[in-house]
Amino acid sequence: MNSDLKEDIYEEIIKTAGHLLVTGGPGSGKTTTALKKAVRYIEEKKLDHGQSILFLSFSKAAISRIHQTSSSIFKTNDYQKFLNIQTFHSFFWEIIKTYGYLLGTPRMLKVISPHEEDALRRGRDHDNSTWLVEKNELCNKNGLVSFDTFASLAMEIILRSEAIRNILNSKFPFIIVDESQDTDTEQWECVKILSDKSDIILLADIDQQIYDYRTNVSSERLNEMNEYLRPTVFKLENQNHRSFGTEITTFAKDLKDSTPKNEPYNGVSAALYRPQASERDKKIRQSIGILMSKIEQETGKKPNNIAILATWGRGVKIISQALRGTEVRKEIKHRVQFDETSAFLASKVVAFLLEPKSPENLHRDLIELLVCMGDMAKAKGRENDWKKYDKWCGELKIDKIPKRGKTIPGFEFILQEIYGSRHSGNPEKDWLRVKNLLINSNVKEIIQIGKHAEYLMAFNRGLKISSGLTRVWQKTGSYIDARTILNSAIIESQIISDYKEMKGIHVMTIHKAKGKEFDGVILFNDTNSSPFILKGDSPPFNRSRKLLFVGVTRAKFHTMILKCVTDSSSIMNGFNLG
């Protein structure tokens with residue numbers, strides 16, 4: 001992004017006092033201008049020790065992008081220390097941790113990880129009335145807080161206490177809200193409350209509002225903000241500093257509006273694959289090299305990062321499998337962003353098998369494994385399965401071995417393998433060994449656990465889990481409390497706004513890519529795993545077009561459409577992509 005913005009409108013934004021609403025498309029300079037305004041605010045207001053500019057965004061990756069931009073704008077550490085960049089989750093959690101006791105909750109609060117919540121919910125809808133009562137009781141009686149209650153709890157705290165509002169206003173006299181069009185009701189309410197004494201800058205792009213299918217995210221949010229805050233409005237719709245010199249944004253707008261120009265677009269291309277899985281996987285791998293070559297030809301530099309995006313999680317899995325190594329092909333290293341409950345719960349099984357074991361505890365160990373299986377069934381809403389596992393646990397508790405099924409003999413075989421060997425002390429090696437024991441089982445349910453567990457350790461949370469396991473091994477010579485280490489890593493990765501550069505190859509859904517930017521983007525189209533036309537969408541496919549708009553505009557230099565030669569979807573009709 002160009003950090004040397006000199007046009008009059010940008011300077012006007014920086015000079016204008018009070019609440020602001022700045023709208024514009026991807027790469028229009030919203031973030032850069034807001035940060036430059038923050039510098040001006042620091043210079044003019046002479047912030048005291050303990051005060052800072054609060055920059056709120058939705059994802060950790062967006063936080064990374066904001067950090068990267070701020071490092072070129074905040075020239076000295078004296079200024080950087082006044083910038084507090086957080087996700088909504090981390091900001092709300094700080095409020096809840098500090099003041100939650102005022103709501104009558106226990107003093108010591110613990111976060112329920114998403115996979116734990118899914119297991120507790122037992123397949124019921126998120127807004128199921130019985131589940132909502134249970135969730136409130138978990139918080140009020142046991143101090144267990146789920147992620148989706150962060151905003152409502154923080155809102156209640158600051159609504160109840162004028163003293164806390166004054167503390168937050170004093171600490172954050174200037175607040176920037178990224179992607180404000182996607183704020184839910186409670187998030188907006190919190191911003192609204194703080195706006196009485198703090199200056200608010202809302203950054204928004206209505207064309208990127210892809211979460212309005214959620215019940216508490218309103219398509220009228222910007223109108224509500226306008227009506228309440230009465231901000232000065234600046235529109236940057238015609239500015240483009242992300243993919244400057246290309247027609248990526250033009251293509252994205254034409255795709256969103258279904259107005260193809262029937263000519264090639266500079267910086268946009270297409271590649272085709274044959275429908276056979278082997279041919280599809282081969283083309284997915286080849287497309288990375290093709291895209292990297294195009295970017296190097298167009299810019300004179302090799303790309304720092306590339307994203308391969310799918311519309312569904314199933315497509316992410318197919319892409320990741322295609323990039324992994326086999327006996328006949330090398331692995332293409334990549335990182336996957338995912339939010340699969342099955343991966344978390346399956347990894348809990350692996351972590352349990354890493355913990356110290358003794359043959360005399362066979363029945364107890366089998367019970368623990370069946371409890372994990374039950375949690376996975378509950379998370380999927382498979383009542384018959386979890387009741388079956390509960391029944392088997394009851395029989396094992398009275399030393400009665402269940403006669404039916406292959407699951408218990410399969411787990412017993414794996415446990416005997418664990419009992420008869422010792423872990424190496426190398427977390428990656430030991431995790432892989434246990435995972436392979438699961439995958440090489442002859443029991444379908446156990447094999448699935450091993451396959452699901454591949455995601456977590458191999459990608460995002462692997463480093464945190466591995467370092468935690470290494471520390472405990474160095475202290476105790478074992479992986480005692482491996483499940484606690486696993487859970488802590490998952491929760492930390494959800495809350496902490498750590499800054500990491502997005503280098504290399506990344507695989508994720510378009511929803512996960514929102515707020516990020518990459519040198520190049522590949523959009524994967526597959527009818528069965530990553531369709532461009534979303535389920536339930538009808539002509540002219542506005543919801544699907546808006547999602548693809550977000551995906552296309554993640555690219556700075558080049559976007560490639562990768563689709564099957566047999567694809568018959570009409571959404572790309574009329575576009576000439578070479």
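**View 1. Strand 2 and its two partners.** In strand 6 (174-177), Ile 176 is the bridge partner of Phe 55. Helices (H or I, at least four residues) and strands (E, at least two) are DSSP runs, numbered from the N terminus. The model is predicted: local features need pLDDT of at least 70, side-chain atom pairs count only at pLDDT 80 or more, and totals for chains, interfaces and linings use all residues. Residues are numbered from 1 along each chain as its sequence is written, and side-chain values use heavy atoms, with hydrogens and water left out. Strand 2 (53-57) and strand 6 run parallel, joined by four bridges. Strand 2 also runs parallel to strand 3, with five bridges between them. There, Ser 57 stands opposite Thr 87. Two strands pair if DSSP finds at least two bridges between them.

**View 2. The two faces of strand 2.** Five of the five residues of strand 2 are buried. Buried means under 20% relative accessible area, exposed over 50%, partly exposed in between (1.4 Å probe, protein chains only). In a regular strand the side chains alternate between the two faces of the sheet. One side of strand 2 holds Ile 53, Phe 55 and Ser 57. Leu 54 and Leu 56 lie on the other.

View 3. Six strands form an open sheet with parallel pairing, in the order 3-2-6-7-1-8. Strand 3 (83-87) and strand 8 (232-235) are the edges; each has a single partner strand, so one side of each is left without a neighbour in the sheet. On average, neighbouring strands of this sheet are turned by 15° against each other, direction ignored. Axes are lines fitted to C-alpha atoms, for helices over the stretch in contact, and angles run from 0 to 180 degrees between N-to-C directions. Four bridges pair strand 1 (residues 20-23) with strand 7 (residues 199-204) in the parallel sense. Val 22 stands opposite Leu 203 in strand 7. Helix 2 (residues 30-45) lies across strands 1, 2, 3, 6 and 7, running at about 165° to strand 7.

View 4. Gly 27 is buried, with a relative accessible area of 4%. Gly 29 is buried too, at 0%. An unreviewed UniProt entry places the feature "binding site" at Gly 24, Gly 25, Pro 26, Gly 27, Ser 28, Gly 29, Lys 30 and Thr 31. UniProt positions are given in the numbering used here, feature names are shortened, and annotations may be inferred rather than shown by experiment.

**View 5. Helix 10 in its surroundings.** Seven of the 10 residues of helix 10 (residues 185-194) are buried, so this helix is largely enclosed by the rest of the structure. Among them are Trp 188, Cys 190 and Ile 193. The buried residues pack against helices 5, 8, 9 and 11 and strands 6 and 7. At the start of helix 10, a side-chain oxygen of Asp 184 reaches to within 3.1 Å of the backbone nitrogen of Glu 186.

View 6. Another open sheet of six strands has parallel pairing and the order 9-14-13-10-12-11. Strand 9 (268-273) and strand 11 (335-336) stand at its edges, each with a single partner strand. Strand 9 pairs with strand 14 (residues 555-564) over six bridges. Tyr 273 has Cys 564 as its bridge partner in strand 14.

Key:
Contact means heavy atoms within 4.5 Å. A polar contact is a pair of N or O atoms within 3.5 Å; within protein, one must be able to donate a hydrogen and the other to accept it, and residues adjacent in sequence count only if both atoms are side-chain atoms.
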